Amino acid sequence: MKKNAPIPARTIERMVLYKGILTDLQSKGLQMLFSHQLAELAHNTSTQVRRDLMEIGCIGSPRRGYNVSQLIQAISKLLGGSRERIIALVGVGNLGRAVLSYFTYKRHGLSIAAAFDTDERLVNRVISGCRCHHLDRFEELMQEKRFNLGIITVPADAAQSVADRMTGAGIRGILNFAPVPLSVPEGVFVDRIDIASTLEKLAYFTGSN
């Protein structure tokens, strides 16, 4: 892989998928696999898989394929290796609680360090193993915990102000569940998950609309 060469977002998405598949296979005792096997599991082509793996300097053996452990290590290095991921979640309503619950059982090397809300009934409660603080304490706890990723699970009309607060405090990566696009400074990456829009797209392509 060339130094400082930008990696396309779609490639990173595939790498994350590969890592999840490979980690699962490793837990089942698999040590080697071929590109066509990984491609089948990732619903991809073996050519694309080989091209992606060459990006991280991995070339398989024609007879034995790829070493699963080495692939996981190489992909992990690309994705940040052992770099600490400290996540703050804002919005502890039904969706926020579902996200907290998900991280309780499926961390994948990630964890939410603190949750925030403005509802006094939720403040100082521990929900799915995570303590909820008042949003007014966000900057204070940013200094203490050094969040580098944020998750927004608030209503649409509050999402932009939360994003402003996160980016103002230094967060550079945001996962936005609110059904509204966010305006963020240059250098901040936002990934938006809009369930309603995704379902509308599915309905169109399946003829269910």
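This is a predicted model: local features need pLDDT of at least 70, side-chain atom pairs count only at pLDDT 80 or more; totals for chains, interfaces and linings use all residues.
Show what surrounds Gln48: leaving out residues up to four places away in sequence, Gln48 touches Arg14 and Tyr18. Is Gln48 buried or exposed? Gln48 has a relative accessible area of 18%, and because buried means under 20%, Gln48 counts as buried.

Next, move to the largest nonpolar core, which has 21 residues. Select Val90, Phe116, Phe138, Phe147, Ile152, Met166 and Ile174, the residues with the most contacts inside this core. Now colour strand 3 (86-90), strand 4 (111-117), helix 6 (138-145) and helix 7 (156-169): each supplies at least two residues of the core. Which of them gives the most? That is helix 7, with 4 residues.

Stay here and click on Ile152. Setting aside neighbours within four places in sequence, its contacts include Val90, Ala163, Met166, Ile174, Phe177 and Leu182. Apart from this core lies another one, of 19 residues; to find it, select Leu25, Leu38, Val68 and Leu79, which are among them.

The last stop is strand 6, residues 130-134. Strand 6 is largely enclosed by the rest of the structure, because 4 of its 5 residues are buried. Look for its two partners here:

- Strand 4 pairs with strand 6 in the parallel sense over 3 bridges; select Asp117 and you will find its bridge partner, His134, in strand 6.
- Strand 5 (residues 126-127) pairs with strand 6 in the antiparallel sense over 2 bridges, and Ile127 has Cys130 as its bridge partner.

Finish at the hairpin formed by strand 5 and strand 6, with 2 residues between them. Select Ser128 in the turn, where phi is positive, about 50°.

Note on methods
Residues are numbered from 1 along each chain as its sequence is written. Side-chain values use heavy atoms; hydrogens and water are left out. Buried means under 20% relative accessible area, exposed over 50%, partly exposed in between (1.4 Å probe, protein chains only). Contact means heavy atoms within 4.5 Å. A nonpolar core is a set of buried Ala, Val, Leu, Ile, Met, Phe, Trp, Tyr and Cys residues joined through side-chain atoms within 4.5 Å. Two strands pair if DSSP finds at least two bridges between them.
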